[in-house]
Amino acid sequence: MQTLQANGIGEYWLAGYSLGGRIAMYHACYGSHHGLQGLLVEGGNLGLESDELRRQRQQNDHQWAQRFRQEPLPQVLTDWYQQAVFADLDAQQREQLVLLRANNSGPAVAEMLEATSLGHQPWLLPALQRLRVPYTYLCGERDHKFQQLAEQHKLPLRTLARAGHNAHRANPGAFAAQVLSFLSQSSFSPLSR
């Protein structure tokens, strides 16, 4: 909110991918969001429903964080992109992502992972169901985990063809078309002004 105010932004839309989507949802649900016009989330997690699931996630994230602190970053990233959520990636796509992020700081990634762990965050579904602004949930057609989550909780789902978890990267044209469609269909739309 301070950044928005400092830049003179009174009305805004939030869009976020993965952790960014999680942050956008949290702000829309619990932040001081005077001026929020709408929310678009791509593959963001709603959180974990029980204390036990949150404890397990904290433990898992701590184990990954230890690896990011202690092992060569390319080695950890290679394993990171083997997780089920990235199952749609082929070997070349995984290699490209590892190369793209290989110069990051392992200890900084570890700190971020532990600080933003779903194990520390609330379950957002009840608050999302009370939102008074338009929102939509995007995910790739091959992102089975997040597509199932959206369907299970009756989120306003839009799927992107030929894409997995990182849908905006896998199919940027379809992503842009879905964003434009969402904005143009909203009564709050900047496109209708």
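The model is predicted, so local features need pLDDT of at least 70, side-chain atom pairs count only at pLDDT 80 or more, and totals for chains, interfaces and linings use all residues. Residues are numbered from 1 along each chain as its sequence is written, and side-chain values use heavy atoms, with hydrogens and water left out. The chain holds 10 helices and four strands. A search of the whole structure gives seven salt bridges, and the structure has six aromatic pairs.

**Overall fold**

- Helices (H or I, at least four residues) and strands (E, at least two) are DSSP runs, numbered from the N terminus.
- Read from the N terminus, the element order is α-β-α-β-α-α-α-α-α-β-α-β-α-α.
- The radius of gyration, taken over C-alpha atoms, is compared with a globule rule of 2.2 Å times the number of residues to the power 0.38.
- For 193 residues, a compact globule would have a value near 16 Å; the chain has 17 Å, which agrees.
- The C-alpha trace spans about 50 × 35 × 35 Å along its principal axes.
- A contact means heavy atoms within 4.5 Å.
- Among contacts with a separation of 6 or more, 62% join residues 24 or more positions apart.

**Burial and surface**

- Buried means under 20% relative accessible area, exposed over 50%, and partly exposed in between (1.4 Å probe, protein chains only).
- Buried residues make up 42% of the 193 residues.
- Accessible areas come from the Shrake-Rupley method with a 1.4 Å probe; for residues, only the protein chains shown count as cover.
- The chain exposes about 10600 Å², and carbon and sulfur atoms supply 52% of that area.
- Patches are made of residues with over 30% relative accessible area and no salt bridge; like charges are joined within 9 Å, and nonpolar side chains (Val, Leu, Ile, Met, Phe, Trp, Tyr) within 5 Å.
- Leu-19, Ile-23 and Met-112 make a nonpolar surface patch of about 250 Å².
- Leu-19 sits in helix H2 (residues 19-30) and is partly exposed, with a relative accessible area of 30%.
- Gln-2 belongs to helix H1 (residues 2-6) and counts as exposed at 69% relative accessibility.
- Gln-2 and Pro-107 are 105 residues apart along the chain, and their C-alpha atoms are separated by 28 Å.

**Aromatic pairs**

- Rings of Phe, Tyr and Trp (its six-membered ring) pair if their centres lie within 6.5 Å; planes under 30 degrees apart count as stacked, over 60 as edge-to-face and the rest as tilted.
- The structure holds six such pairs.
- In one of them, the ring centres of Trp-13 and Phe-182 are 5.7 Å apart with planes at 90 degrees, so the pair is edge-to-face.
- Trp-13 is in strand S1 (residues 12-17) and Phe-182 in helix H10 (residues 172-185), so the pair ties together parts 169 residues apart in sequence.
- Trp-13 is partly exposed at 24% relative accessibility, whereas Phe-182 is buried at 6%.
- Trp-64 and Trp-80 also pair edge-to-face, because their ring centres are 5.0 Å apart and their planes lie at 80 degrees.
- Trp-64 lies in helix H3 (residues 51-70) and Trp-80 in helix H4 (residues 73-80), so this pair ties together parts 16 residues apart in sequence.
- Trp-64 counts as buried at 12% relative accessibility.
- Trp-64, Phe-68 and Trp-80 form one aromatic cluster.

**Salt bridges**

- A salt bridge is a side-chain nitrogen of Lys or Arg within 4 Å of a carboxyl oxygen of Asp or Glu.
- Arg-54 and Asp-51 meet in one, at 2.7 Å from N to O.
- These two residues are three apart in helix H3, which means a separation of about one helical turn.
- Arg-54 is buried at 16% relative accessibility, while Asp-51 is exposed at 61%.
- Arg-67, Glu-71 and Asp-79 are linked in a network of salt bridges.
- In the Glu-71 to Arg-67 bridge, the closest N and O atoms are 3.0 Å apart.
- The corresponding distance for Arg-67 and Asp-79 is 2.5 Å.
- Arg-67 lies in helix H3 and Asp-79 in helix H4, so that pair ties together parts 12 residues apart in sequence.
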